[in-house]
Amino acid sequence: MRPILMKGHERPLTFLKYNRDGDLLFSCAKDHTPTVWFADNGERLGTYRGHNGAVWSCDVSRDSTRLITGSADQTAKLWNVQTGTQLFTFNFDSPARSVDFAIGDKLAVITTDPFMELTSAIHVKRITRDATEQTGESVLVIKGPQGRINRAIWGPLNSTIISAGEDAVIRIWDSETGKLLREADKESGHKKPITSLAKSADGSHFLTGSLDKSAKLWDVRTLTLIKTYVTERPVNAVALSPLLDHVVLGGGQDASAVTTTDHRAGKFEAKFYDKILQEEIGGVKGHFGPINALAFNPDGKSFSSGGEDGYVRLHHFDPDYFNIKI
C-alpha cells in the first residue's frame, strides 16, 4: 500500500468525501477552506473560499457539479465544483454541522448546533437546478434532541432522515412530517457521544462510531443492531468498504492529551475489521495525531484519512489485498 501525503490544510481535518465517480476527493478542515483533490494522485485542484469558520462537513451532487458545505460561521454554502464560485448561502442562527444531499440532489439536510438558547435542529432545504431560483427557506425543521447532532443522513428513498450525536442515541425521522419514527435501543446502543456515521454502498445498513471506543453496524430501516466492533481508543471516524466486507475505524486520544505521548502510543492508525467476524484484521499507520475523517473511494481500491495533524493521506491498496487481479 503506497500512501500519498496531501498537504493543503493549515488546521486539523474534519471531513472527507469522494464524488460518485471516485475521481475527486473533497476535504474539509478547521482552516475555513474546503479543498478538492484528484483522487488518484493527490494533486490539489482548487479551494473554495468564502467561509469564516471551521468547515465541519460537505457533500457533492451526483453529477459532481455542486458542493454543499456546513460551517461554524453559521452558514451552509452551495458551490460550483468546477469554478469554485459560491452559488448560494444558507444562513442560520447557530453553526451548521452536517450536510447531506438527498438522492436526486433536489433536497439537502443540514443540521445546526445548540447555541445560546437554541436547541440543535435538522433543516431540510429544497435545492433548485437553477442557482438564481434558490431560496433559503426550509421545507421542514425538526427541533433536535439535547446536545449536538454530529451527523444526519438520508435514509432509503429519501423517506427518512437518520441522525446521531452527543446524546449517543440514533434516531430515524419521517422526512416529510418530521415525526420521530424510531430510536436505537439504549441497551444495545452507544454509551458515549456518536462522532460519525457512514452508509453502506447499497444503503441497506450504516455504521456509527463513538467515543465509547466502539463502532456499530445497524439496519437502516429497523434500527436493529447487526454487529459491534470494539477497539481500545475513542472512534472519531468510520468507513465501509464498497468492495469487500471490511470496516475501517479511525480515532485516537483527545487532542489535548496527544502532546504528552509518543505517536506510537497515541494509537493513530486506521484499523481494519472484518465486517462479519468483527475481528481486527490490520492497521495503517502514518498520522501524527487522531484521525478525524475517513472515506473509501467508490471503487473500493483506495481510501483516504484526514488527521488532527492537518494532513490527508491517500492509500491505494495493493492488488494482493483483494486476492484478485485488478
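Are Tyr48 and Trp79 buried or exposed? Both Tyr48 and Trp79 are buried. The model is predicted, and nine aromatic pairs are found in the structure. The points below cover two of these pairs, one aromatic cluster and two charged side chains placed over rings.

**Tyr48 and Trp79**
- The rings of Tyr48 and Trp79 form an edge-to-face aromatic pair, with 5.6 Å from centre to centre and 65 degrees between the planes.
- Tyr48 is in the loop between strand 5 (44–47) and strand 6 (55–60), while Trp79 belongs to strand 8 (residues 75–80), so this pair ties together parts that are 31 residues apart in sequence.

**Tyr229 and Tyr273**
- Tyr229 and Tyr273 also make an edge-to-face aromatic pair; their centres are 6.1 Å apart and their planes are at 65 degrees.
- Because Tyr229 lies in strand 21 (residues 225–230) and Tyr273 in strand 24 (residues 270–274), the pair ties together parts that are 44 residues apart in sequence.
- Tyr229 is buried, and Tyr273 is buried as well.

**Aromatic cluster**
- One aromatic cluster is formed by Phe272, Phe296, Phe303 and Phe317.

**Charges over rings**
- Arg97 places its charged end over the ring of Trp56, at 4.1 Å from the ring centre.
- Lys7 is located over the face of Tyr311, 5.0 Å from the centre of that ring.

Definitions and conventions. Residues are numbered from 1 along each chain as its sequence is written. This is a predicted model: local features need pLDDT of at least 70, side-chain atom pairs count only at pLDDT 80 or more; totals for chains, interfaces and linings use all residues. Side-chain values use heavy atoms; hydrogens and water are left out. Rings of Phe, Tyr and Trp (its six-membered ring) pair if their centres lie within 6.5 Å; planes under 30 degrees apart count as stacked, over 60 as edge-to-face and the rest as tilted. Helices (H or I, at least four residues) and strands (E, at least two) are DSSP runs, numbered from the N terminus. Buried means under 20% relative accessible area, exposed over 50%, partly exposed in between (1.4 Å probe, protein chains only). A charge sits over a ring if NZ of Lys or CZ of Arg is within 6 Å of the ring centre and within 35 degrees of the ring normal.
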